[in-house]
Amino acid sequence: MAWNRTDAEKRIKNAYEDYKDLEIKKLTREMDLHNLDRKQARIVTGVHLYLDVVNFKDLLIDAREDAQKLRRLLRHVHVYERLVGKLLDEIDGGFRVHFQGVRLHAVVYKPYDTTDVSDPELKRLFAAYQFVRQAEELARLIEKETAFEFKLEAGMESGDTIATRNGQNGSAELLFLGHAANAAAKALKGKPGQVQFGEAASKREDDLDDPAPLPEKWKKIVKDDVANNPISQFETFVPRERLDYENLGYRTADINPGVTFFADISGFTRHVAGLETDNQKKEALRSFHAARSEMHQIVVNDYDGDFIQYQGDCIQ
């Protein structure tokens, strides 16, 4: 198995042609991000946020030689990600893109600019900001039950991005391309307890109200979730054969040496930001899908690697 230029050129041309009917439209209240087809793309105006666990690497290093502590950490991660996802679901227009390890990428896209609501841009930013502050409270509640402290930092940016579904078979994912998604991630500085605002979001930072505290109901929700997920249900193992990632459960984790790498399309975010017409954006997306399809083919088929996930214009 190895990469072959002739085969790659054929695959790229076929993938590019496969997206000839790609459509790009502005997201409206009649459309659903959850049900986008691979050949549908939507321009989404909203706030992108990344919620990162700054100290997770240290916690993982500390637990890796202690099987029991590692199982406790695995349970903590499971509870944290489940409940943070539930908290996000309570936001009207809050959408979870995915977790990149323990780092959450989400977008808040309501209220729409086309509604009669006053200052929808500020309301979206406030909803994202309040979610972050409540997530910090939620993390402290979980810590009381599990004895693991997650130190959180958030980055957020406002603006337009393009939502598009990409991937092969079971690895299809909804991705967001554009400056706001990229800038929110790059705003992170590794400083616990802080919210880092991108250039556009920072212009409205002083207009934000104080966030509401996390509702009292979450104390019981946390206690019940931890109780329903005892450490005995979690296990770590050393794989004896190739892992099937699709069937790897929330309560299992493999421990195995390996190499992980990221391949990024350099300059693509800047390129998309400079496009003015829908036709230009369509052609860029067709090229993007063709390139991403080939990246997937190279990893999985040419070199028998394991695809983990897409992160914008980057493959892991």
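**Helix packing notes**

I began with α2 and α3, whose crossing is left-handed (a crossing is left-handed if the near helix is turned anticlockwise from the far one by less than a right angle, and right-handed if clockwise). Helices here are DSSP runs of H or I with at least four residues, strands are runs of E with at least two, and both are numbered from the N terminus. Before going on, I noted that this is a predicted model, where local features need pLDDT of at least 70, side-chain atom pairs count only at pLDDT 80 or more, and totals for chains, interfaces and linings use all residues. Residues are numbered from 1 along each chain as its sequence is written, and side-chain values use heavy atoms, with hydrogens and water left out.

**α2 against α3**

I looked up the axes of α2 (residues 56-63) and α3 (residues 67-89): they come within 8 Å and cross at roughly 150°. That makes α2 roughly antiparallel to α3. For the wording, angles under 35 degrees count as roughly parallel, over 145 as roughly antiparallel, 65 to 115 as roughly perpendicular and the rest as oblique. Axes are lines fitted to C-alpha atoms, for helices over the stretch in contact, and angles run from 0 to 180 degrees between N-to-C directions.

Which residues of α2 and α3 meet? I found Phe56, Leu59, Leu60, Asp62 and Ala63 in α2 against Lys69, Leu70, Leu73 and Val77 in α3, contact meaning heavy atoms within 4.5 Å. These residues divide into 7 nonpolar, no polar and 2 charged.

I then followed α3 along its 23 residues: it reaches 33 Å from first C-alpha to last, close to the 33 Å expected at 1.5 Å a residue. The expected span is 1.5 Å times one less than the number of residues. Asp66 caps the N-terminal end of α3, with a side-chain oxygen 3.1 Å from the backbone nitrogen of Gln68.

Next I checked α7 (residues 217-227), whose axis comes within 10 Å of that of α3 and crosses it at roughly 145°. The crossing of α3 and α7 is right-handed. From α3, Arg75, Val79, Arg82, Leu83, Lys86 and Leu87 meet Trp218, Ile221, Val222, Asp225 and Val226 in α7. I sorted the residues of this contact as 7 nonpolar, no polar and 4 charged.

Helix α1 (residues 5-18) has 14 residues and reaches 20 Å, close to the 20 Å expected. At its start, a side-chain oxygen of Asn4 reaches to within 3.0 Å of the backbone nitrogen of Thr6.

How do the axes of α1 and α9 (residues 278-302) cross? They come within 8 Å and cross at roughly 140°. That makes α1 oblique to α9, and the crossing is right-handed. The contact includes Ala8, Arg11 and Ile12 of α1, and Glu283, Arg286 and Ser287 of α9.

**One loop to revisit**

A cis peptide bond joins Lys110 and Pro111, with omega about 0°. Asp119 lies in the loop between β4 and α4 too, and its phi is near 50°, a positive value in a residue other than glycine.

Key
A polar contact is a pair of N or O atoms within 3.5 Å; within protein, one must be able to donate a hydrogen and the other to accept it, and residues adjacent in sequence count only if both atoms are side-chain atoms. Ala, Val, Leu, Ile, Met, Phe, Trp, Tyr, Cys and Pro count as nonpolar, Asp, Glu, Lys and Arg as charged, and the others, Gly among them, as polar.
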